[in-house]
Amino acid sequence: MSFPLLTATAVLPALGAIATAAVPAARRAAAKWLALIVSLATLVLAAVVVVRFDPGGDRYQLTESHAWIKDFGVRYELGVDGIAVAMIALTALLIPFIILAGWHDADPVETGSKRWRPTQGYFALILAVEAMVIISFEATDVFLFYIFFEAMLIPMYFLIGGFGDRAHGSYRSAATAARGEEAASTQRSYAAVKFLLYNLVGGLIMLAAVIGLYVVAGNFSLTQIAEARANGTLDMATNTERWLFLGFFFAFAVKAPLWPLHTWLPNAMQESTAPVAVLITAVVDKVGTFAMLRFCLQLFPEASTWATPAILVLALISIIYGALLAVGQRDIKRLVAYASISHFGFIVLGIFAMTSQGQSGATLYMVNHGISTAALMLVAGFLISRRGSRLIADYGGVQKVAPVLAGTFLIGGLATLSLPGLAPFVSEFLVLVGTFARYPVVGIIATFGIVLAALYTLVLYQRTMTGPVKAEVEGMADLRVRELVVVAPLIVLLIFLGVYPKPVTDIVNPAVKQTLSDVEKKDPQPEVEAAK
Amino acid sequence: MSASAVHSLWTTAAEPIDKIGAPDIEYGQLSPTLIVIGAAILGVLVEAFVPRRTRYHAQVFLSVVALAAAFAAVIALAAGGYATTKSGIVAMGAVAVDGPALFLQGTILLAGILGVFTFAERRLDPAAHGNRVDSFAAQAASVPGSDSEKAAVKAGFTTTEVFPLLLFAVGGMLIFPAANDLLTLFIALEVFSLPLYLLCAVARRKRLMSQEAAVKYFLLGAFASAFTLFGIALLYGYAGSVRYGTIARVVDGTVGEVTPALAGTMGNDALLLIGAAMVVMGLLFKVGAVPFHMWTPDVYQGAPTPVTGFMAAATKVAAFGALLRLLYVVLPGLRWDWRPVMWAVAIVTMLGGAIVAITQTDIKRLLAYSSIAHAGFILAGVIATTPDGVSSVLFYLGAYSFVTIGAFAVVTLVRDAGGEATHLSKWAGLGRRSPLVAAVFAVFLLAFAGIPLTSGFAGKFAVFKAAAEGGAGAIVVVGVISSAIAAFFYIRVIVLMFFSEPRPEGPTVAVPSPLTMTAIGVGVAVTLVLGVAPQYFLDLASQAGVFVR
């Protein structure tokens, strides 16, 4: 038996999480280093996955299959296609930056009980999320996927509810700072509960659909079911298929998040630390869009086609509504959250446009959005940690005091608005082209999202970084070495993938073609050709 | 007429005396129950003859050894093939020895052992007059607040009677799911109920509440028993027998002969329907299904917490076992009559338990309503009427009982000056003060909520799958919705523990003896193992899923 590479990629961070959690209370620094080293080792394993993956080869590679729960028809089945490889690489890439950026986020303020170890908990939870996200990208068994799709909510929940920005809310007077901390803690637990309930309800509805799928198909193997669907041995009644599709899609739409199920995201991102916010939007939420591609389209091709018009409308609303609300935000992190909702709208649009450009664009978008949001949000986090406020109005003229910080913030922002030359441009362009080929009107409306994106990012930059230096901003330190180490590679990647996206598209494209052939869609021919 | 003539008339009318014979008792196959009941009687003798000083140790030792021996006997029977390849109806048709019976008996015995551990805990309550005390009243008979109570406390009395009582209850519970005729069912019901009523009344603290709980439990329980008994009488009138197999054959119409004395009533469907409904009602009362759940919150709250944990776990196992056997062995012919009713009961139980639980502010009441919701989930599996349904219920019961005992054991640890701090507000910030206890409790809550990788999820998935395959898709949808509602209040407790600031006057977490630690540790271990690798136990449950008829 060959080395179980995929299992190892997921188990390593899981073991790392346990080890990190077990570090004694006094050895906080050791826990941080341990978590960082584990995340880097995971990155190495993910790189091996990328190298070993052959884009021209079988659809699912590096497969592993073991009996697990026979009574439920569940097998421990792993396998990656190009899309999954890209997502695993993104996840493994971002986690070290998330850990490094959050180096001091969880230093204990006051020592309560001797056993209270927030630092160990924080980094252990991040690694636990990484493990679960990776395994849900790898799972080709619906049940296995579902288990980790749900289970990852728990560590996420503790990350959101347990850790927040330090000393935020300085619009309150210093005298009420203590009360402010309590209010912040209340808001945090509200955000955490909202996150959990939204996703849990989505997940439970999906559970009903998962059970329904089992009753119809008799097993949970994605490959088997998809094959049986393709060659006609498994015939689902139209209505059954539609209900099951809706059950799955609902859970993914909550996770993604798609309007109108998005309202947990701004709360969650606003209240959590910047690295955790990145973890939510750049890593965890990607499982939702990824699962739409992998499960909705493959298992329920006809229902997917049936639901496409409605989903496109929801995606459009997400794009425009998210962008409009981003323009109106006064809180930096909320702004990024709404921008993300807008971007997820683009991803869903690309997936359900059912063209190869659209879907490659959507996959590429997932990667690029992860990197660009990480860059923007982490720099925003550095900024917030200096001033102790998330409010845009509390800043001004930062670029004169901290030019490097302002510059990196600008690049992150420009990436968010898809400036040509930076990575997100390629993916957004592909999505729009792909959409336009099939649904011109939808494509045109979606384009307005880009205009709005320019508005909210540039206004954000203008208000915080330019203008006269505010009194509280004076003397603000520029990026430290640790922070530079976080930001610089992300920016390099943004530029590299903006100029040369081929490495990613090469991996992704064959998988996209496969998925499209599942839904029996061919790219629409250009009209001139069709006329001949 | 002369005396001898009367005598001869009498002797000719009666059966010859030698035909009755001594009953045939298969001691080997009944050994689990016999061991436990025997030990319980021995325990009463220990109460009478062993000096007070050593009584506690003697009782704990006796109980654990007896339960372990009974468990070994169950294993031996199962290894002898009784669960899978053969089965027997023993004790002249009164008791069935088959897969479900042995599986449930094993579960009840394990729950009983963990129950003894929590009963025997003596480190949590502060010592009274230099004597270590447990959760039970110094002298149950003394009036609360009276001088005699004070004297009893000062003298260092403890109610070691709880151990024989527990053994009696376990003995009854062992018979209950194995009972193969209605009278045995009723007697088993009483044998395990009466000790439980008593156990509920003997709390050391909040004694009035405890006694009130016991009275409520007793009155409502007596009502339910009366219903059951009346139903049994009606079923006898219908079938001319209390034997499960015979009733089932009469229901199917395969038995033609009519007992002359019952010629007027036999085969009367009204008797069958009313009788069956009343017996099932009595069982649903024990299970705690809506609308027969009213006793649950008060009793769970008032009873000493170790008793609550034991009762919540073991009673549910026993009662569901009996319900399964009744519905699958006696009344499968009536399936189309009882299924719609049970659908309705399952739906209101799931929703009712979950919705009312949201408003609870006491952790024990919260767990009580949660247990009602879980009864609804289990009923979803009962309704399936497939072999998968039986095995899923068996699995769920096994998983659930360990979570329950563990969770209530954690509740005993969180204390303030007034004993256990069961009001939810007092649990605020527990995660800061004692992360380990809070984390363990969080694991139990997540299992209750059915989060993947815990036993709760595997169990819930099993019953929902069985229900869906049995054609009860609507039940699954309702189940999923009530799971979402239920998740809300489990999570609220987690929020409270981890994300709220600890209160300065908040409770302390007592460090328990290895006994309670074992109970909690086993609970956590089983919860996680059944969550991650449930296959072995699912196999066990599905092998054990066939009733003897």
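Predicted model: local features only at pLDDT ≥ 70, side-chain atom pairs only at ≥ 80, totals over all residues.
**Helices, strands and the contact between two chains**

Helix 8 of chain B, which runs over residues 207-239, holds 33 residues and covers 46 Å between its first and last C-alpha, close to the 48 Å expected at 1.5 Å a residue.

Chain B contains 21 helices and five strands. Its radius of gyration is 24 Å, close to the 24 Å that the globule rule gives for 549 residues, so chain B is as compact as a globular protein of that length. The C-alpha trace of chain B spans about 90 × 60 × 40 Å along its principal axes. Buried residues account for 61% of the 549 residues of chain B. Of the contacts in chain B with a separation of 6 or more, 80% are between residues 24 or more positions apart.

Three of the strands of chain B come together in an open sheet, in the order 4-3-5 and with antiparallel pairing. Strand 4 (419-420) and strand 5 (508-509) of chain B are at the edges and have a single partner strand each, so one side of each has no neighbour in the sheet. Strand 3 of chain B, residues 414-416, is joined to strand 5 of chain B by two bridges in the antiparallel sense. Within this pairing, R415(B) has T508(B), in strand 5 of chain B, as its bridge partner.

A loop of chain B can be followed in the same way. G333(B) sits in the loop between helix 12 (305-330) and helix 13 (335-358) of chain B. This glycine has 16 C-beta neighbours inside 10 Å and therefore counts as partly exposed, since a residue needs 20 or more to be buried. Once residues up to four places away in sequence are set aside, G333(B) touches A248(B), V251(B) and D252(B). From G333(B) to D388(B) there are 55 residues in sequence and 19 Å in space, C-alpha to C-alpha.

Chain A can now be set beside this picture. The secondary structure of chain A consists of 21 helices and two strands. For chain A the radius of gyration is 22 Å, close to the 24 Å that the globule rule gives for 532 residues, so chain A is as compact as a globular protein of that length. Its C-alpha atoms fill a box of roughly 70 × 55 × 40 Å along the principal axes. In chain A, 60% of the 532 residues are buried. Residues at least 24 apart make 83% of the contacts in chain A between residues at least 6 apart in sequence.

The two strands of chain A belong to a hairpin. Strand 1 (residues 61-69) and strand 2 of chain A are paired in the antiparallel sense over six bridges. One such pair is S65(A) with E77(A), the latter in strand 2 of chain A. Four residues lie between the two strands, and G73(A), in the turn, has a positive phi of about 65°. Strand 2 of chain A, residues 74-80, has six of its seven residues buried, so the rest of the structure largely encloses it.

Helix 11 of chain A, residues 274-299, has 26 residues and reaches 36 Å from first C-alpha to last, close to the 38 Å expected at 1.5 Å a residue. A kink of about 35° is centred on A291(A) in helix 11 of chain A. Of the 26 residues of helix 11 of chain A, 26 are buried, so this helix is largely enclosed by the rest of the structure.

D518(A) lies in helix 20 of chain A, residues 502-518. With 17 C-beta neighbours inside 10 Å, D518(A) counts as partly exposed. Apart from neighbours within four places in sequence, the contacts of D518(A) are A226(A), A230(A), L297(A), Q298(A) and P301(A). L460(A) is 58 residues from D518(A) along the chain, and their C-alpha atoms are 43 Å apart.

Finally, the two chains meet. The contact draws on 30 residues from chain B and 34 residues from chain A. On the side of chain B that touches chain A, two or more residues each come from helix 16 (430-433), helix 17 (435-449), helix 18 (455-469), helix 19 (473-499) and helix 21 (535-543) of chain B. Helix 19 of chain B gives the largest share of that side, 11 residues. By class, the side of chain B that touches chain A comprises 21 nonpolar, four polar and five charged residues.

Definitions and conventions
Residues numbered from 1 in each chain as written. Chains lettered and ligands numbered in written order. Pairing = 2+ DSSP bridges. Buried ≥ 20, exposed ≤ 12 C-beta atoms within 10 Å, placed from the backbone. Expected span 1.5 Å × (residues − 1). Rg over C-alpha atoms; globule rule 2.2 N^0.38 Å. Contact = placed C-beta atoms within 7 Å. Nonpolar A, V, L, I, M, F, W, Y, C, P; charged D, E, K, R; others polar. Bend = angle between axes of the 7 residues up to and from the residue.
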